[in-house]
Amino acid sequence: MAFGEFDLIETYFTHRLPQRDDVSVGIGDDGAVASVPEKSDLVVVTDTMVQGVHFDQDTPARAIGHKIVAVNLSDLAAMGAEPAWISLALTLPEINDEWLTGFAHGLREICEYYNCQLIGGDTTQGPLSITVTAHGFVPNGKAIRRSGAKPGDWLYVSGTLGDAGLALAARQHRQKLNPDYERRLTERLYFPSARVALGQSLRGIASSAIDLSDGLLADVGHILKASHVGARISVDELPLSLAVTESLSAEQAITYALTSGDDYELLFTVPEAQRGLFDTVTAHSPSKPVCIGRITNEPELVQLRFGDEAWELPEGLAGFEHFRKTELSQ
């Protein structure tokens with residue numbers, strides 16, 4: 001008998017991921033049945049990764065399995081949500097045991113770490129494409145949105161920027177890389193961390209937040225548009241890893257930090273009145289968020305400063321756009 005859709009699901013996914021008490025019906029029925037905790041709102045996010053756009057044929061299957069979940073959990077983190085369930089839509093050109101084993105391994109590792117259960121989805125044949133929808137919880141009315149930033153709020157980022165973009169450029173032979181940093185940067189590109197704990201700690205403190213998937217400038221623009229505000233960013237305060245600063249010139253490093261995607265750090269705003277509480281909450285964080293600027297009252301205007309001087313991005317550079325012609329996105 002030919003190996004079909006239901007055999008694929010049973011072999012690689014059913015019973016191989018965490019099982020949660022709040023799921024009464026999972027994989028194997030027409031739909032999943034799960035319970036949302038009392039006094040909680042459900043947060044739902046979806047991301048798609050397509051071969052040739054978000055990854056190439058040399059990307060390890062385990063990395064793809066990890067990343068498709070991580071990018072969704074990063075969206076949940078930006079809203080202050082606790083991850084709970086995922087569903088998976090998997091389009092495959094063929095059934096390849098080695099690839100599916102690696103993919104399922106990456107999926108399982110990250111789901112176990114964040115206690116997410118796979119509760120359903122779909123499989124079909126076609127060009128390689130993976131879509132995950134993730135569900136999470138926040139206390140009623142406590143979801144952090146993009147639209148809450150106010151003039152005077154401080155702008156923070158949760159970690160170093162430009163690492164994944166530099167790794168991608170090195171893999172595509174567009175940028176030379178110090179070999180000492182190659183492994184770490186590749187890990188940042190292939191296995192991003194979702195800042196889930198930080199996102200939950202920012203509930204009631206951050207006035208707005210977004211995860212950095214398309215690049216700092218592109219994503220801060222989403223906050224500014226939703227909140228009808230502007231921003232002044234100190235480019236000399238951007239957090240940069242040694243890998244970036246020792247592989248690039250100062251101008252290149254800043255450019256990568258502003259425009260490269262796939263870092264999946266959190267970008268968020270904190271009102272002056274909440275800074276003391278914010279400092280207390282993040283005092284023992286392994287990597288304390290860095291203040292990189294302030295919100296202004298000039299709608300959608302971004303001012304870049306290096307010290308007291310204006311700083312300009314090299315012409316033609318911006319964040320990633322999903323319908324821009326490109327061979328491979330960040």
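1. **Cover over helix H4.** In this predicted model, the buried residues of H4 are covered by elements that include helix H5 (182-190), H8 and H9. H4 spans residues 163-171 and is mostly covered, with eight of its nine residues buried. Those eight are Asp 163, Ala 164, Gly 165, Leu 166, Ala 167, Leu 168, Ala 169 and Ala 170. Just after the helix, His 173 adopts a positive phi of about 60°. Check the backbone there when you view the model.

2. **Helix H9, a partner of H4.** H9 is also mostly covered: seven of its ten residues are buried. They are Ala 253, Ile 254, Thr 255, Tyr 256, Ala 257, Leu 258 and Thr 259. These residues pack against H4, helix H7 (216-227), H8 and strand E12 (302-306).

3. **Ser 247, between H8 and H9.** Ser 247 sits in the loop that joins helix H8 (242-245) to helix H9 (250-259). Is Ser 247 buried or exposed? Its relative accessibility is 15%, so Ser 247 counts as buried; the cut-off for buried is under 20%. A polar atom of the Ser 247 side chain lies 2.6 Å from the backbone oxygen of Ala 243. Leaving out residues up to four places away in sequence, Ser 247 touches Leu 166, Gln 175, Lys 176, Leu 177, Asn 178, Tyr 181 and Leu 242. One of these, Leu 166, is a buried residue of H4.

4. **Lys 67 and Asp 262.** The structure holds twelve salt bridges. One of them pairs Lys 67 with Asp 262, and their closest N and O atoms are 2.4 Å apart. Lys 67 belongs to helix H2 (residues 61-78), while Asp 262 is in the loop between H9 and strand E10 (266-270), so the pair ties together parts 195 residues apart in sequence. Lys 67 is buried, at 8% relative accessible area. Asp 262 is buried too, at 5%.

5. **Asp 263 and Arg 188.** This pair also forms a salt bridge, with 3.6 Å between the closest N and O atoms. Asp 263 lies in the loop between H9 and E10 and Arg 188 in helix H5, so the bridge ties together parts that are 75 residues apart in sequence. Both residues are buried.

6. **Arg 195 and Glu 265.** Here the closest N and O atoms of the salt bridge are 2.7 Å apart. Arg 195 is in the loop between H5 and helix H6 (196-201), and Glu 265 is in the loop between H9 and E10, so the link spans parts 70 residues apart in sequence. Arg 195 is partly exposed, with a relative accessible area of 24%. Glu 265 is buried, with 1%.

7. **The network.** Which residues are linked in a network of salt bridges? They are Asp 163, Arg 184, Arg 188, Arg 195, Asp 263 and Glu 265. Asp 163 is one of the buried residues of H4.

8. **A nonpolar surface patch.** Val 36, Leu 42 and Val 44 form a nonpolar patch on the surface. Together they have about 230 Å² of accessible area. Val 44 is in strand E3 (residues 40-50). Its relative accessibility is 48%, so Val 44 counts as partly exposed.

9. **Overall build.** The protein has ten helices and 13 strands. Its C-alpha atoms fill a box of roughly 70 × 50 × 35 Å along the principal axes. For 330 residues, a compact globule would have a radius of gyration near 20 Å, and the protein's 20 Å agrees.

10. **Burial, contacts and surface.** Buried residues make up 50% of the 330 residues. Of the contacts between residues at least 6 apart in sequence, 87% join residues at least 24 apart. The accessible surface comes to about 15900 Å², and 49% of it belongs to carbon and sulfur atoms.

Note on methods. Residues numbered from 1 in each chain as written. Predicted model: local features only at pLDDT ≥ 70, side-chain atom pairs only at ≥ 80, totals over all residues. Heavy atoms only, no water. Helix = DSSP H or I, 4+ residues; strand = E, 2+ residues; numbered from the N terminus. Buried < 20%, exposed > 50% of the residue type's maximum accessible area, 1.4 Å probe, protein only. Polar contact = N/O pair within 3.5 Å; in protein donor to acceptor, adjacent residues only side chain to side chain. Contact = heavy atoms within 4.5 Å. Patch = residues over 30% accessible without salt bridge, like charges linked within 9 Å, V, L, I, M, F, W, Y side chains within 5 Å. Areas by Shrake-Rupley, 256 points an atom, 1.4 Å probe, with all protein chains shown as cover. Salt bridge = Lys/Arg side-chain N within 4 Å of Asp/Glu carboxyl O. Rg over C-alpha atoms; globule rule 2.2 N^0.38 Å.
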